[in-house]
Amino acid sequence: MPLLRPLSRRFLASPGPVAALLLALSLAAPAQGAPSTPTGAQPAAAERQPGKSPQNRRRAARRSSADGEGEARAARSSRSKEKAQERASKKRAAKRDDTSRAERDGTAADADERKPLSKGAPNRGRLTGAVRLRSSRHLKAREGARTWGLPVLVKTLRRAAFQVAKKHGDSALLVGDLSARTGGALDGHNSHQTGRDADVGFYVVNSKGKTLRMDRFVAFDDEGNAIGLPGARFDDARNWALVQALLEDRQAGVKYLFVTDALRARLLAHAAKKRVPADLRARAAAAMMSPRDADLHNDHFHIRVMCPPSMRGACIEESLARPACATDEAKQALDSAAPAATDADIYGVPSTAAPAVADGARATAAPASADGARATAAPAAATAPPAAASGARPTAAPR
């Protein structure tokens, strides 16, 4: 091709096909000395450069990802170790606190007293391991109430309130005092010292039978009319449902339901009207009572549960007799001539002196007085049996 270039120059000036052919050949010929490079050589060379190929880039990405995952695993492992060390440290601190508390308070047996335990009598005792009763949908703790008690009592109240609401719809049990957190004397009460006592308000309805939700206890007269709340009535149906729920609860172990004789009679009459089984009415008649020397329970039930079997050695079922005082001297002459307390007085068992009444009410030696209080006949001192020993019935005023 270089040889053709001089000739092409010579014939370029002359017109004709030969000149055109030579011109085309000269343009197609590469410059002399210039190396020929095939098309696509540069990209191939670039791909052969180290670190620039797609395979190398994928390997680098995989190595980077693996390194990141390893760092994340290491960080998680480090955090897990720190948390484990923190938990172990807390356990050691709690163990040191328990040991120091046992050493400070006394023996190991004293440390075990933090478990639920009712110690002593209802009117002279203490409480450990108490549970607090809190308001719920069907139960309301009265404002300012001391609501600490044994777990069995707290759970019993919750279950009973639920059963009443389940049966009668719109219902909320108003709960007053149970016990202080550690038991002992409680202002306004002679008992409530061992976590086995609770005051609960009555269910109330208006003149149209609609439920009234109260935030205080409402007192009722012998006819079931509210005192100081015109139009309000004693709700026979819901209050009996509460008594029934308490007595049918196998886990509860309810021993007493303190209430006035007049309201007791209303509840038993309602049960008879609803054809409640006779055995349940008999149990209700035995549990409901108005003990002597007690405040009038016309605005609330006073509920007392039995000593749990696991606490029999430390828990005393009945209240202890109060020491004699000057105000009791005037009663001693009558008490010495009064008949002894019988099972009919305490448990409602029909006595031989008079047959039991139809509604299961407790038979007494003399008819009830106009205000519903139980009257007892005082026979001659010469023929009367000796007075009952202290503790035969709840003598201390349970409020």
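These legends go with several close-up views of a predicted model.

**View 1. Basic side chains gather in a patch on the surface.**
Six residues make up this patch of positive charge: R73, R76, R79, K83, R87 and K91. R76 counts as partly exposed because its relative accessibility is 46%, which falls between the 20% and 50% cut-offs.

**View 2. D197 touches both H302 and R304 through its side chain.**
D197 belongs to strand β7, residues 197–201. With a relative accessibility of 0%, D197 counts as buried, the cut-off for that label being under 20%. A polar contact of 2.6 Å joins the side chain of D197 to that of R304.

**View 3. R304 and D197 form a salt bridge between two strands.**
Here we stay with D197 and look at its charged partner. The N-to-O distance in the salt bridge between the side chains of R304 and D197 is 2.6 Å. R304 is in strand β13 (residues 300–305) and D197 is in strand β7, so this pair ties together parts of the chain that lie 107 residues apart in sequence. Are these two residues buried or exposed? Both R304 and D197 are buried. As a general point, side chains of opposite charge can pair when their charged atoms come close.

**View 4. R146 and D177 meet in a salt bridge between two loops.**
The model has 10 salt bridges in total, and the one shown here joins the side chains of R146 and D177, with N and O 3.0 Å apart. The two residues come from distant parts of the chain, 31 residues apart. R146 is in the loop between β4 (139–141) and β5 (148–149), while D177 is in the loop between β6 (173–175) and β7.

**View 5. R196, R312 and E317 are linked in a salt-bridge network.**
Three residues take part in this network: R196, R312 and E317. Zoom in on E317 and R312, and you'll find a salt bridge whose closest N and O atoms are 2.7 Å apart. R312 has a relative accessibility of 45%, so R312 counts as partly exposed.

**View 6. H192 has a positive phi without being a glycine.**
The backbone is what to look at in this view. Phi of H192 is about 60 degrees. You'll find H192 in the loop between β6 and β7. H192 counts as buried because its relative accessibility is 0%.

**View 7. R275 is another non-glycine residue with a positive phi.**
For R275, phi is near 55 degrees. R275 sits in the loop between α8 (261–273) and α9 (278–287). Is R275 buried or exposed? With a relative accessible area of 77%, R275 is exposed, the cut-off for that label being over 50%.

Methods: Residues are numbered from 1 along each chain as its sequence is written. This is a predicted model: local features need pLDDT of at least 70, side-chain atom pairs count only at pLDDT 80 or more; totals for chains, interfaces and linings use all residues. Side-chain values use heavy atoms; hydrogens and water are left out. Patches are made of residues with over 30% relative accessible area and no salt bridge: like charges are joined within 9 Å, nonpolar side chains (Val, Leu, Ile, Met, Phe, Trp, Tyr) within 5 Å. Accessible areas come from the Shrake-Rupley method with a 1.4 Å probe; for residues, only the protein chains shown count as cover. A salt bridge is a side-chain nitrogen of Lys or Arg within 4 Å of a carboxyl oxygen of Asp or Glu. Lys and Arg count as positive and Asp and Glu as negative; His and the chain ends are not counted. The place of a charge is taken as NZ of Lys, CZ of Arg, CG of Asp or CD of Glu. Buried means under 20% relative accessible area, exposed over 50%, partly exposed in between (1.4 Å probe, protein chains only). Helices (H or I, at least four residues) and strands (E, at least two) are DSSP runs, numbered from the N terminus. A polar contact is a pair of N or O atoms within 3.5 Å; within protein, one must be able to donate a hydrogen and the other to accept it, and residues adjacent in sequence count only if both atoms are side-chain atoms.
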